[in-house]
Amino acid sequence: MSSSVPFRMTVSPPASDIPVAHDLGLSEDYASLVMDACELLAETDCRFRVSGFGQDAWPVDVSYDLSSVIEQLPQVRTALGRRDRARIDFYGQGVERVVGFVPAGEQVTLTCTTRTDWIPAPATGTASLADVEDMLAALAHDFRRALDRACPDVAAREPFAQW
């Protein structure tokens, strides 16, 4: 992504490819499946990193914050693909901020609003639509890669199998 993008999200897969043992009855419901997957990833050294809007390391975790982002990811990607507005709500306690995406042609204006005393600086920025879409696709891909290492049975489920 270009250096003008004020926001970045990445997932680092677990170092070990030894699957996490679990006895979860995996749900068919997307949101529940994502929560289960992130709980399993949280048992590994998988890392979720978010930076931008003046903060190099947002206070995010794998089990809750990554789960909330992955739950919203399909809708955000679909909306941006249609050139519609989208947002990712980091609603977890301690983070409590929203990143908005407003496409205009081949550019996207990104904004960050907060419900805490933290102040984004800058609160807005622009990036190419392609760069934002690439970041979101890479996040999905890296999430799938993390699942492949930690819990291949979950990685084989839809929609992860397509990521």
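The following conversation goes through a predicted model and asks how each description of it was reached.

Colleague: What should I keep in mind about the model before we start?

Modeller: This is a predicted model, in which local features need pLDDT of at least 70 and side-chain atom pairs count only at pLDDT 80 or more, while totals for chains, interfaces and linings use all residues. Residues are numbered from 1 along each chain as its sequence is written, and side-chain values use heavy atoms, with hydrogens and water left out.

Colleague: Why is Asp89 called buried?

Modeller: Buried means under 20% relative accessible area, exposed means over 50%, and partly exposed is in between, using a 1.4 Å probe and protein chains only. Asp89 has 13% relative accessibility, so it counts as buried.

Colleague: What makes Arg82 exposed, and what makes Asp84 partly exposed?

Modeller: Arg82 has 53% relative accessibility and therefore counts as exposed, whereas Asp84, with a relative accessible area of 32%, is partly exposed.

Colleague: How do you know that Arg82 and Asp84 form a salt bridge?

Modeller: A salt bridge is a side-chain nitrogen of Lys or Arg within 4 Å of a carboxyl oxygen of Asp or Glu. The closest N and O atoms of Arg82 and Asp84 are 2.9 Å apart, and the two residues form a salt bridge. The structure holds five salt bridges.

Colleague: What does the salt bridge between Glu106 and Arg83 tie together?

Modeller: The side chains of Glu106 and Arg83 meet at 2.8 Å, N to O. Glu106 lies in the loop between strand 4 and strand 5 and Arg83 in the loop between helix 2 and strand 3, so the pair ties together parts that are 23 residues apart in sequence.

Colleague: Which residues are linked with Asp89 in a network of salt bridges?

Modeller: Arg87 and Arg115 are linked with Asp89 in that network. The side chains of Asp89 and Arg115 meet in a salt bridge of 2.9 Å, N to O, and this pair links distant parts of the chain, since Asp89 is in strand 3 and Arg115 is in the loop between strand 5 and strand 6, 26 residues apart.

Colleague: How do you know that strand 3 and strand 4 pair?

Modeller: Strands (E, at least two residues) and helices (H or I, at least four residues) are DSSP runs, numbered from the N terminus, and two strands pair if DSSP finds at least two bridges between them. Strand 3 (residues 86–90) and strand 4 have five bridges, in the antiparallel sense, with Ala86 standing opposite Phe101 in strand 4. Strand 4 and strand 5 (residues 107–114) pair in the antiparallel sense over eight bridges.

Colleague: Why is strand 4 described as largely enclosed?

Modeller: Six of the eight residues of strand 4 (residues 97–104) are buried, so this strand is largely enclosed by the rest of the structure.

Colleague: What makes strand 3 and strand 6 edge strands?

Modeller: Four strands form an open sheet in the order 3-4-5-6, with antiparallel pairing. Strand 3 and strand 6 (124–128) each have a single partner strand, so one side of each is left without a neighbour in the sheet.

Colleague: How do you know that the span of helix 1 is close to the expected value?

Modeller: The expected span of a helix is 1.5 Å times one less than its number of residues. Helix 1 (residues 30–42) has 13 residues and reaches 18 Å from its first C-alpha to its last, close to the 18 Å expected.
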